[in-house]
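The following note sets out several numbered points on the model shown here. Please read each point with the structure in view.

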Amino acid sequence: MVYVGIPKGQADQEEEVLKTIQDGDSDELTIKRFTESREKPGALWHIYAAKDTEKIREFLKKVAEEQGQENPVDHDPIHDQSWYLDRSLRKRLHQEYGVQGWAIVQFLGDVVFIPAGAPHQARTGEVHNLYSCIKVAEDFVSPEHVKHCFWLTQEFRYLSHTHTNHEDKLQVKNVIYHAVKDAVGILRANESSLSRP
């Protein structure tokens, strides 16, 4: 989070932000960062374990059906980013499916890493912005998560052709190809020193 702009002359906004942080199930240390340390909060994230993705997907489809919405085959309630799990839905998700996420308030200067495939809360895009803020986002593929990233790209293939997540933004196949190519190049360059006893 590189910038958080707090408007001047809006005394009630601070109370509203505090209420949002509290309703977002943030822990006491996070609340103290805002109330006592006077740090600038930029965004509220809710992040879930990748292993809970199918449970969350099933839950969102169930809630959509209860509200009379369709669940087209070529759409996905997680990738569509059309849901925001408010406090009551988060509580229900925990009670009915045993899924509980982590509430993270990103303050000015904080970095948030999201593991591959970890569903995260969407209200306006990916996070709930508390104030006007600028964040820098960068996708990356770590060796530990290549398999999961590849699985995600396969999942995206089943979305409609007009879906914003239909394409492989991470280009995982290219990442794997170039990683192997570089590893083989290094091995070949050092082949003579490797063969000596």
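1. Glu-28 and Leu-29 are exposed on one side of helix α2, where exposed means over 50% relative accessible area, buried under 20% and partly exposed in between (1.4 Å probe, protein chains only). Helix α2 spans residues 28-35, and its buried residues include Thr-30, Ile-31 and Phe-34. These three lie on the same side of α2 because they cover an arc of only 100° around the axis; the arc is that of the directions from the helix axis to the C-beta atoms. Helices (H or I, at least four residues) and strands (E, at least two) are DSSP runs, numbered from the N terminus.

2. The model is a predicted one, in which local features need pLDDT of at least 70 and side-chain atom pairs count only at pLDDT 80 or more, while totals for chains, interfaces and linings use all residues. Residues are numbered from 1 along each chain as its sequence is written, and side-chain values use heavy atoms, with hydrogens and water left out.

3. On confidence, the mean pLDDT of the chain is 81, and 83% of its residues reach 70 or more; pLDDT is the predictor's confidence in each residue, from 0 to 100. Over residues 122-126 pLDDT stays under 50, and the model has 11 contacts beyond four places in sequence for them. A contact means heavy atoms within 4.5 Å. Where pLDDT is low, the predicted coordinates should not be read in detail.

4. As to the overall fold, the chain has seven helices and five strands. Along the sequence they follow the pattern β-α-α-β-α-α-β-β-β-α-α-α. Of the 197 residues, 34% count as buried. Among contacts with a separation of 6 or more, 77% join residues 24 or more positions apart.

5. Which residues of α4 are buried? They are Leu-89, Arg-90, Leu-93 and Tyr-97. Because they cover an arc of only 105° around the axis, they lie on the same side of α4. The face turned away from this buried side carries the exposed residues Ser-88, Lys-91 and Gln-95. Just after α4, Gly-98 takes a positive phi of about 70°.

6. The loop between α1 and α2 holds Gly-24. With 2% relative accessibility, Gly-24 counts as buried. Not counting residues up to four places away in sequence, Gly-24 touches Leu-44, His-46, Arg-90 and Ala-103. Gly-24 and Leu-85 are 61 residues apart in sequence, and their C-alpha atoms are 9.8 Å apart in space.

7. Asp-25 also deserves attention. This residue lies in the loop between α1 (11-23) and α2, and at 40% relative accessibility Asp-25 is partly exposed. Asp-25 has a positive phi of about 70° although it is not a glycine. Most residues other than glycine have a negative phi. Arg-38, in the loop between α2 and β2, likewise is not a glycine and has a positive phi, near 60°.

8. The second largest pocket has a volume of about 230 Å³. A pocket is defined on a 1 Å grid over the protein atoms alone, as an open set of points with protein on both sides within 12 Å along at least five of seven lines; a cavity is a set of points where a 1.4 Å probe fits but cannot get out, and lining residues have an atom within 4 Å of a point. Grid points are joined across faces, edges and corners, and a volume is the space filled by probe spheres set on the points. This pocket is lined by 15 residues, of which Asp-25, His-46, Arg-90, Gln-100 and Gly-101 lie nearest its centre. At least two lining residues come from each of β2 (41-47), α4 (87-97) and β3 (102-107), and α4 gives the most, with five. The lining divides into six nonpolar, five polar and four charged residues. Ala, Val, Leu, Ile, Met, Phe, Trp, Tyr, Cys and Pro count as nonpolar, Asp, Glu, Lys and Arg as charged, and the others, Gly among them, as polar.

9. How many cavities of 30 Å³ or more are there? The count comes to one. The largest cavity has a volume of about 120 Å³. Its lining has 12 residues, and Leu-60, Ile-78, Trp-83, His-120 and Gln-121 lie nearest the centre. By class, this lining has nine nonpolar, three polar and no charged residues.
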